Amino acid sequence: MKNAALITGSYGGLGTCFVNIHAGRGGDLILVGRSQEKLDAQAKEVSEKYSVAVQTIAVYLSQADAAQTIYDTCRQKEWLPDIIINNAGFGGQGDFARERTMEQDLSMIAVNIEAPVRILKLFLPDMIQRGSGKILNVSSTAATMPGPLQAIYYASKAFVTSWSNALWRELKGTGVTVTALMPGAMETGFADTSGMAGTKLFAHPVDPLQVAKDGYDGMLQGKLNVTSGLPGWQKPMMTLAPLFPKKFMLDFVFSQQIAGSAKK
């Protein structure tokens, strides 16, 4: 495979954008997702459209052995990714103690935090040894503040950004870079699956294609963080947020996510 990109959560939303961008530039692909049927359909479409090699790996990233399966499969078949895009992740609305279940939140931690950590723990040594590699970890603007009614999701993205930034420095001089992409609210289906549809936060979601382009290009340039896709009021709010009292911001974030929650 040439200029191969391993992309988790490859079908749907931001993942599909990354796939098309990379394939459109002539790069081969290793697609990772839960459904083999959907992966096969995507692989067929992309390979026919862009004339690139496309491989698939079907795993549940919430399972602890998923990353090892991905790594072992790539090693056995000699699929060596030059790029890794840790895109898979999900959110979920609700009061932590009274609405969210243990299973829901631990599964979120497994996919949003544990899976990308395991994937890079396995693949990074190989990239360092080769002296080249580009990594894009999809975080969120949610990483910049606590998120009442999405407490675990916001915290998971804070982890992703902090961890990615630390790796960026640790890898300095190795030829490998790690970039964190921090999007705002996008039209990706996230709002529906996370219970955020109809909230103020998702009143004006943006097209994910430009976000994916910004993140992909920022990754190639080895940038530390890329912030993209902030609609309307979110742009000045991101700038001003650190200046506001923390309790005020917690009340504000709560109000933006309150629709659909039983706790007002």
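In the predicted model, a salt bridge (a side-chain nitrogen of Lys or Arg within 4 Å of a carboxyl oxygen of Asp or Glu) joins the side chains of aspartate 105 and arginine 100, with an N to O distance of 3.0 Å. Aspartate 105 is buried (under 20% relative accessible area, where exposed is over 50% and partly exposed lies in between; 1.4 Å probe, protein chains only), at a relative accessible area of 7%. Arginine 100 also counts as buried, at 13%. Residues are numbered from 1 along each chain as its sequence is written, and side-chain values use heavy atoms, with hydrogens and water left out. Because the model is predicted, local features need pLDDT of at least 70 and side-chain atom pairs count only at pLDDT 80 or more, whereas totals for chains, interfaces and linings use all residues.

Six salt bridges are found in the whole structure. Aspartate 95 pairs with arginine 98 in one of them, the closest N and O atoms being 2.7 Å apart. Aspartate 95 is buried, with a relative accessible area of 13%, while arginine 98 is exposed at 57%. A salt bridge of 3.0 Å, N to O, also links the side chains of lysine 44 and glutamate 48. Both residues lie in helix 2 (residues 36-50), four residues apart, about one turn of the helix; helices (H or I, at least four residues) and strands (E, at least two) are DSSP runs, numbered from the N terminus. Lysine 44 and glutamate 48 are both exposed.

On the surface, Met102, Leu106 and Ile109 form a nonpolar patch with about 300 Å² of accessible area together. Patches consist of residues with over 30% relative accessible area and no salt bridge, like charges being joined within 9 Å and nonpolar side chains (Val, Leu, Ile, Met, Phe, Trp, Tyr) within 5 Å. Accessible areas come from the Shrake-Rupley method with a 1.4 Å probe, and for residues only the protein chains shown count as cover. Methionine 102 lies in helix 4 (residues 102-130) and is exposed, at a relative accessible area of 64%.
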